[in-house]
Amino acid sequence: MIARYAASVRARLTLIATVGVAALCFAVNGLLLLGIHGAAVEYQTQEVMSAALRVVHLIKRGDLPAVVGTDVGGVQVLNTDGEVVSSSAGLMGSPRLVAFMPDDDNASRTQVVCGLEAFDNPCQIVAVFRVYEQEGDWMVYAFGDTVPWYVHPWALAFLIGISLALIALTWWGTSRTVERTLAPVEAIRQKLDEITATDLGQRVPVPPNPDELHALARTANRTLDRLEAAVEQQRRFASDASHDLRSPITAMRAQVEEALLHPDDAEWEQTGHALLASLDRLQAIVTDLLTLARLDAHEPQASESVDLAQLVTDELEGRTRSKEVKLDLRPDVVVEGDRLRLARLFTNLLDNAERHAESALAVSVYNEGSDAVLEVLDDGAGIASDQREFVFRRFTRLDASRNRDAGGTGLGLAIAREIAEVHEGTLGLADSDTGARFVLRLPAKES
């Protein structure tokens, strides 16, 4: 009976986990397809509009040929009388396909039109541009296939394949885990053989001997905790990534599109430098996001004795700072931890202070009771007491310092606090006569 009960619990838990992961995969795949489809539609619309704009430029230059080359579905050019005077090769000889035009106060318009016999695809994204000429308005129409709901067969096949693999892995892993977890129940089967199981539809039955069932409950709770933590970690990383990656990408796209609209007048060297600056910011954000992901995942870290005064000296050596750095470093302030991460913490604090300082920074290292203390103080405007926790949130900057903090990613102080907590320490802001005073406290290593 106990063996049948264990098999029933194993089957039920495996089924619940598999169905849950299948439902999660379905929901995530739906959201991914929705997002990818929206991006693909936007991209296709931009392609169609760009094709129409190229023809507009030909008209303005007086170089419009009878047959227009294009990389979209088709192009038609209509004169002031509504006659087709030029078109792409695939639409040669075709009459005017659509009649809609831009509003009187607009020069362009996009619309999805279905049922055009000149195209194999049932629906087309149509972009129309009004060209102002002396004899009247010309119309340029560009056509491009709409994006299917699945975007591309390979995208759908990839998502389905990944989902099936995750479902199979979940089924196999849950089955093995539950089997190993329930193995001790068989050892006490003789003592529990006379116990009758209760309603499994309501809760897991509990035999008189509570030890193994209590262990099972704790294991289930720990498993659920790990699953919840993993989902939360993925959610936080996705939220952090999407929050601040869009800005440099949007800026780069705008710069390229503006240059392409007027290629002859564009300052390509200036555009290149602007793109490199955006790429540098994008790289910095990605690097910081990966650092936060590793910290959130509690990856193992190196452990060694670190002299904080020596660490500060090493990090300042050979690096030119735009502001004067005053040092007050006491000897024998030693902690146990990862030297690279502690150096990253100090560098983040120093970079933040340098961006906000007026003329000078101050770095102090000393022992206070059982704590090793590192302070970084700037002579800037300081931070209001009600904003002191706000600055440690991810992707946050105070309104008063946005212009001065343009070089940061919004993650430096969040990373610094995470590193402090990993080392069982604290990082916060303390009162000061001027500027912002960041105070790091770590457990001091006994001599």
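This is a predicted model: local features need pLDDT of at least 70, side-chain atom pairs count only at pLDDT 80 or more; totals for chains, interfaces and linings use all residues.
Residues are numbered from 1 along each chain as its sequence is written, and side-chain values use heavy atoms, without hydrogens and water.

**Exercise 1.** Determine which cysteines form a disulfide, and describe the link.

*Solution.* Step 1: the criterion is a pair of cysteine sulfur atoms within 2.5 Å. Step 2: the sulfur atoms of Cys-114 and Cys-123 lie 1.9 Å apart, and these residues form a disulfide. Step 3: the count is one disulfide. Step 4: the angle about the S-S bond is 100 degrees, and the link of Cys-114 and Cys-123 is right-handed. Step 5: Cys-123 has a relative accessible area of 18% and is therefore buried (under 20% relative accessible area, 1.4 Å probe, protein chains only).

**Exercise 2.** Identify the residues that line the largest cavity, and classify them.

*Solution.* Step 1: a cavity is a set of points on a 1 Å grid over the protein atoms alone where a 1.4 Å probe fits but cannot get out; lining residues have an atom within 4 Å of a point. Step 2: the structure holds one cavity of 30 Å³ or more, and the largest cavity has about 40 Å³ of space. Step 3: its lining consists of Leu-308, Leu-311, Leu-342, Leu-345, Phe-346, Leu-374 and Leu-440. Step 4: α6 (308-316) and α7 (339-356) are the elements that give two or more residues to this lining; α7 supplies the largest share, three residues. Helices here are DSSP runs (H or I, at least four residues), numbered from the N terminus. Step 5: the lining comprises seven nonpolar, no polar and no charged residues, where Leu and Phe count as nonpolar.

Methods:
Buried means under 20% relative accessible area, exposed over 50%, partly exposed in between (1.4 Å probe, protein chains only). On a 1 Å grid over the protein atoms alone, a cavity is a set of points where a 1.4 Å probe fits but cannot get out, and a pocket is an open set with protein on both sides within 12 Å along at least five of seven lines; lining residues have an atom within 4 Å of a point. Grid points are joined across faces, edges and corners, and a volume is the space filled by probe spheres set on the points.
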